Amino acid sequence: MSERLQPGDTAPAFSLSDADGNQVSLADHLGRKVIVYFYPAALTPGCTKQACDFTDNLEVFAGAGYDVIGISPDKPEKLGRFREAEDLKVTLLSDPDHAVLEAYGAYGEKQNYGRTYVGVIRSTVVVDEQGKVERALYNVKATGHVAKLLRDLKVEAA
């Protein structure tokens, strides 16, 4: 099982393929704050709601100096279909071997309807301009999470 990150930790470096097969690295965002969110599966109701919420607020986050990256175990082709189907503007990255998910503590044991299994733990990690963890939120809800994040980060809509 992977360790959960704590504020002040150095955010694990990553370089993953986006929906178009291009490599995107955390290092590409040095000097800007980055919201990295982890979700179980593209094209599912909860993950769609969350991705649409981030897309709807992307300009608000960008105006406050935040980039937003979504990471799931889905293959790039599925991420492309997800982006097209929902008109998503968020950068979506593919982590099929769970290496980044595990490094961020977003993959491990979870419970659903009394059943315990291993999978993606819906999580959000806010990384500061120097690559340090500012906030690490685990077991977040798909619905309402973006609104709560906007409040917690004191980001106001223009």
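Colleague: Where is Gly-144 found?
Modeller: Gly-144 is in the loop between strand 9 (133–138) and helix 5. Helices (H or I, at least four residues) and strands (E, at least two) are DSSP runs, numbered from the N terminus. Bear in mind that this is a predicted model, where local features need pLDDT of at least 70 and side-chain atom pairs count only at pLDDT 80 or more, while totals for chains, interfaces and linings use all residues. Residues are numbered from 1 along each chain as its sequence is written, and side-chain values use heavy atoms, with hydrogens and water left out.

Colleague: How exposed is Gly-144?
Modeller: Gly-144 has a relative accessible area of 37%, so it counts as partly exposed. Buried means under 20% relative accessible area, exposed over 50%, and partly exposed in between (1.4 Å probe, protein chains only).

Colleague: Switching to helices: at what angle do helix 1 and helix 5 pack?
Modeller: Helix 1 (residues 45–56) packs on helix 5 at about 40 degrees, and their axes are 9 Å apart. Axes here are lines fitted to C-alpha atoms, for helices over the stretch in contact, and angles run from 0 to 180 degrees between N-to-C directions. That makes helix 1 oblique to helix 5: under 35 degrees would be roughly parallel, over 145 roughly antiparallel, 65 to 115 roughly perpendicular, and the rest is oblique.

Colleague: Which residues make the contact?
Modeller: Helix 1 brings Gln-50, Asp-53 and Phe-54, and helix 5 brings His-145, Val-146 and Leu-149. Contact means heavy atoms within 4.5 Å. Those residues divide into three nonpolar, two polar and one charged.

Colleague: What else do the buried residues of helix 1 pack against?
Modeller: Besides helix 5, they pack against strand 3, helix 2, strand 4 and helix 3. The buried residues of helix 1 include Cys-47, Ala-51 and Phe-54.

Colleague: How many residues are in the largest nonpolar core?
Modeller: It has 24 residues, and those with the most contacts inside it include Tyr-37, Phe-54 and Leu-153. A nonpolar core is a set of buried Ala, Val, Leu, Ile, Met, Phe, Trp, Tyr and Cys residues joined through side-chain atoms within 4.5 Å. Helix 1 gives the largest share of this core, four residues.

Colleague: What is Tyr-37 in contact with?
Modeller: Leaving aside neighbours within four places in sequence, the contacts of Tyr-37 include Gln-50, Ala-51, Phe-54, Val-68 and Leu-92.

Colleague: New topic: is Ser-72 buried or exposed?
Modeller: Ser-72, which is in strand 4, has 0% relative accessibility, so it counts as buried. Again leaving aside neighbours within four places in sequence, Ser-72 is in contact with Tyr-39, Pro-40, Leu-79, Leu-93, Ser-94 and Asp-95.

Colleague: Last one: what is phi of His-98?
Modeller: Phi of His-98 is near 65 degrees, a positive value in a residue other than glycine. His-98 sits in the loop between strand 5 (91–94) and helix 4 (99–103), and it is buried at 18% relative accessible area. Lys-154 also has a positive phi, about 60 degrees, although it is not a glycine. Lys-154 lies in the segment after helix 5 (145–152) and is exposed, at 70%.

Note on methods:
Nonpolar A, V, L, I, M, F, W, Y, C, P; charged D, E, K, R; others polar.
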